[in-house]
Amino acid sequence: MFNLFKKKKEDSKGNQYSALKIREIVKETADTVTLYFEQPEPFLEYKAGQYITVILDINGKEERRSYSLCTSPYVDAYPGITVKMVKGGLVSNYLNDNMRPGKTIDIMKPMGNFTTTYHSKNQRHFVMVAGGSGITPIMGITKSVLVNEPQTKVTLLYCSRSEQDIIFKNQLESLVSKYEGRLTVIHNLSQPGADWKGLKGRLDASKVEGLLKGQIGEIAECYLCGPEGLMDSASSALKTLGVKEEAIHRESFFSDLTSKEEELKAAGKLSPELTREVEVIVDGESYHFEVPAGKTILDAGLDHDVDMPYSCQSGLCTACRGRLLSGQVDMIEDAGLSKTEIEEGYILCCSAKPASSDIKIIIE
Ligand SMILES: Cc1cc2nc3c(=O)[nH]c(=O)nc-3n(C[C@H](O)[C@H](O)[C@H](O)COP(=O)(O)OP(=O)(O)OC[C@H]3O[C@@H](n4cnc5c(N)ncnc54)[C@H](O)[C@@H]3O)c2cc1C
Ligand code: FES
């Protein structure tokens, strides 16, 4: 198994492993902290909206999780991640409870395509829809757009449970004043206090449509990050308002692979589970190993000490992406891949199970 203390400098995708020292910890809400890191040498290069993979040793076991950078490389001197506790969650609670300034965390360098490019002459309208911790990548993109494109507007619809649960509440208020007329923030609360005068309840498609009707020009870019239901509603409303599918970008933080697999099984969409031999090419080296019935290709590879890259292990982040050179796999979750990538034969090893006997995968 990959050993934290004998790490390679780079994995097969050129993902450098590095360490970041915590500079400051900000308690955002009762269950959320932001960890700001000292700039390493050389500086951490990232695009707003990307995530890092933290690698922790918890109770003697290596744990990896993805966390979006909530900062902007154009605005913030120090990179940061914001972590919201998940009930019963190992790493989110560990990061909330056990960190202190000066402590060092191992990471894999920033990755992810939930990003944009900027041009000072652009005159666009960004529509951001965030739920809970989904505000993190959107915060970084929002700050970057506002500073880089003086003629672009941003509308952010942000769903939280209560007023006390709004992450970055003060930062958002400061941004609204700083970029008056260019940034609009609309909060929606699912469990508001009695004094709340803003939007409440579920932010469904008709509500999103009502809020944005007549406001979205032709040059709209939409970034959605939050629970699947919220992103589905927002996406359908945006399409009704005429936004093209290519302009709607989504980032998922969580996928319940067990339920998805059960659904696929019930629909007869999965092949019989058999033990299969596979070949995986990593770093130009070829490895042959057996994938026991029911296991994913990534899990079996790691069991055989093959240093395959990974992060979320739920088919969302694409750190484990490979290309199928032969054979067939069943994918439980492919949300991280674009249609084109799927057509080109890319798979996510963390959610792929062998469906034929001649499988050969290259991880480039
Ligand atoms: C690309 C990407 C970016 C991410 N960025 C952020 C970020 O900026 N901030 C942040 O707080 N998190 C972020 N996440 C989620 C994060 O990686 C972890 O999944 C999360 O912190 C839970 O990890 P855990 O170890 O605490 O929970 P685990 O121990 O892995 O899970 C405990 C239980 O909770 C369930 N569970 C896990 N996550 C969720 C969830 N979100 N909703 C409901 N049930 C869940 C699991 O299925 C399991 O039953 C991101 C994920 C991805 C893929
Ligand atoms: S490890 Fe994240 S998609 Fe496979």
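Student: How much area is buried between domain 1 and domain 2?
Tutor: In this predicted model, about 1,300 Å² is buried between domain 1 and domain 2, and carbon and sulfur atoms give 59% of that area.

Student: Why is it given as an area?
Tutor: The accessible area lost when the parts come together is often used to give the size of an interface.

Student: And how many residues are in contact there?
Tutor: On the side of domain 1 there are 20 residues, in contact with 18 residues of domain 2.

Student: Now the helices. At what angle do α4 and α5 pack?
Tutor: Helix α4 (residues 205-212) and helix α5 (residues 228-240) pack at an angle of about 45°, and their axes are 8 Å apart. Therefore α4 is oblique to α5.

Student: Is the crossing of α4 and α5 left-handed or right-handed?
Tutor: The crossing of α4 and α5 is right-handed.

Student: Which residues in α4 meet α5?
Tutor: From α4 they are Ala 205, Val 208, Glu 209 and Leu 212; they meet Ser 233, Ala 234, Ser 236, Ala 237, Leu 238 and Thr 240 in α5. By class, this contact has 6 nonpolar, 3 polar and 1 charged residues.

Student: Another topic: which residues does a cis peptide bond join?
Tutor: Glu 41 and Pro 42 are joined by a cis peptide bond, with omega about -5°. Pro 42 is in the loop between β2 (32-37) and β3 (51-58).

Student: And what is phi of Asp 283?
Tutor: Phi of Asp 283 is near 55°, a positive value in a residue other than glycine. Asp 283 lies in the loop between β13 (276-282) and β14 (285-291).

Notes
Residues numbered from 1 in each chain as written. Chains lettered and ligands numbered in written order. Predicted model: local features only at pLDDT ≥ 70, side-chain atom pairs only at ≥ 80, totals over all residues. Heavy atoms only, no water. Axes fitted to C-alpha atoms, helices over the stretch in contact; angles between N-to-C directions. Helix = DSSP H or I, 4+ residues; strand = E, 2+ residues; numbered from the N terminus. Parallel < 35°, antiparallel > 145°, perpendicular 65-115°, else oblique. Left-handed = near helix turned anticlockwise from the far one by under 90°. Contact = heavy atoms within 4.5 Å. Nonpolar A, V, L, I, M, F, W, Y, C, P; charged D, E, K, R; others polar. Buried area = accessible area lost by both parts, 1.4 Å probe.
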